[in-house]
Amino acid sequence: METLIVYESLWGNTRQVAEEIARGAGELSDVLTLCAVADAPSSLAPSLDLLIVGAPTHAFTLPTPSSRAEARTHGAAVPHAPGVREWLATLVVESPPARVAAFDTRQGRSFIVGSAAKSIARAAKHRALFVSDTADFVVTSREGPLEQGELERAYAWGRALTAPR
Ligand SMILES: Cc1cc2nc3c(=O)[nH]c(=O)nc-3n(C[C@H](O)[C@H](O)[C@H](O)COP(=O)(O)O)c2cc1C
């Protein structure tokens, strides 16, 4: 099984979640690539079986240039590279992977706080990628850290995504 995990992260919380998902998914993947969106490929390999995409929730949805600029005013080390929103908008998909999953980090558990994972699923549809699994991981404040137990949950989610159905 070949797995690609792509994430955007401003303070490192989504990166930490992505790393744990990779550890979990790595147990049953023969080939696993984990990369920040700045280093993500511009097209998907036809051999890819599982794509997992994650981002922080900003203003109820995926980060935008202006929400990243706002994060910068709060001290985030924001790379001046495209984020997940821009990556998905131009991604070349010749042959979609069998399974696509999306996750986000956000400040609360209520649906009121929005979900970047849902926005990833909507954006992915435009590239003929159909998200079958989503997960949200909670931070205790804008800059983090993650709530207790979230990294364990991320590991288990990654493992479950690669388990035979
Ligand atoms: C500009 C901005 C807008 C945000 N909007 C939301 C929001 O609508 N809902 C929410 O739950 N969290 C919101 N947050 C909190 C982020 O989700 C949080 O910073 C993120 O999960 C941290 O992950 P990171 O360290 O990977 O960037 C916002 C943060 C910023 C900087």
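**Helix α5**

I began with the buried residues of α5: Glu150, Ala154, Tyr155, Trp157, Gly158, Leu161 and Thr162. They cover an arc of only 165° around the axis, which puts them on the same side of α5. The arc is taken from the directions that run from the helix axis to the C-beta atoms. Buried here means that 20 or more other C-beta atoms lie within 10 Å of the residue's own; exposed means 12 or fewer, partly exposed is in between, and C-beta atoms are placed from the backbone.

I noted what kind of model this is: it is predicted, local features need pLDDT of at least 70, side-chain atom pairs count only at pLDDT 80 or more, and totals for chains, interfaces and linings use all residues. Residues are numbered from 1 along each chain as its sequence is written.

I also noted how elements are named. Helices (H or I, at least four residues) and strands (E, at least two) are DSSP runs, numbered from the N terminus.

Next I looked up the length of α5. At 1.5 Å a residue, its 13 residues should span 18 Å, and the end C-alpha atoms are 19 Å apart, which agrees. The expected span is 1.5 Å times one less than the number of residues.

What do the buried residues of α5 pack against? I found β1, α1, β3, β4 and β5. Contact means that two C-beta atoms, placed from the backbone, lie within 7 Å.

**Leu161**

Leu161 counts as buried because it has 23 C-beta neighbours inside 10 Å. I left aside its neighbours within four places in sequence. Leu161 is then in contact with Ala25, Leu50, Ile52, Arg99, Ala101 and Asp133. I checked Leu50 again: Leu161 and Leu50 are 111 residues apart in sequence, but 8.3 Å apart in space, C-alpha to C-alpha.

I turned to α4, residues 116-125. Seven of its ten residues are buried, so α4 is largely enclosed by the rest of the structure. The buried ones are Ala116, Ala117, Ser119, Ile120, Ala121, Ala123 and Ala124. They pack against β3 (50-56), α3 (84-90), β4 and β5 (131-138).

Then I looked up the nonpolar core. In soluble globular proteins, nonpolar side chains tend to be buried together. A nonpolar core is a set of buried Ala, Val, Leu, Ile, Met, Phe, Trp, Tyr and Cys residues joined through C-beta atoms within 7 Å. The largest one here has 44 residues, and Val6, Ile21, Leu51, Val84 and Ile120 touch the most other members. Elements that give two or more residues to this core are β1 (2-7), α1, β3, α3, β4, α4, β5 and α5 (150-162). Which element gives the most to this core? I found α4, with six residues.

Not counting residues up to four places away in sequence, Val6 touches Cys35, Val37, Ala40, Val53, Val84 and Trp87.

**Around the ligand**

How many residues surround the ligand? I noted 23, and the closest are Trp11, Thr14, Thr105, Arg106 and Val113. A residue is near a molecule if its C-beta atom, placed from the backbone, lies within 6 Å of it. Elements that give two or more residues to this shell are α1 (13-26), α2 (65-73) and β4 (99-106). α2 gives the most, with three residues.

I sorted the shell by class: eight nonpolar, twelve polar and three charged residues. Ala, Val, Leu, Ile, Met, Phe, Trp, Tyr, Cys and Pro count as nonpolar, Asp, Glu, Lys and Arg as charged, and the others, Gly among them, as polar.

In helix α2 I also looked up Glu70. Glu70 counts as partly exposed because it has 15 C-beta neighbours inside 10 Å.

**Backbone in the loops**

Most residues other than glycine have a negative phi, and most peptide bonds are trans. I looked for departures.

- Ala59 has a positive phi, near 50°. Ala59 sits in the loop between β3 and α2. Ala59 is exposed, with 12 other C-beta atoms within 10 Å.
- Ala128 has a positive phi too, near 65°. I found Ala128 in the loop between α4 and β5. Ala128 is exposed, with 11 other C-beta atoms within 10 Å.
- The peptide bond from Gly144 to Pro145 is cis, with omega near 5°. Pro145 is in the loop between β5 and α5.
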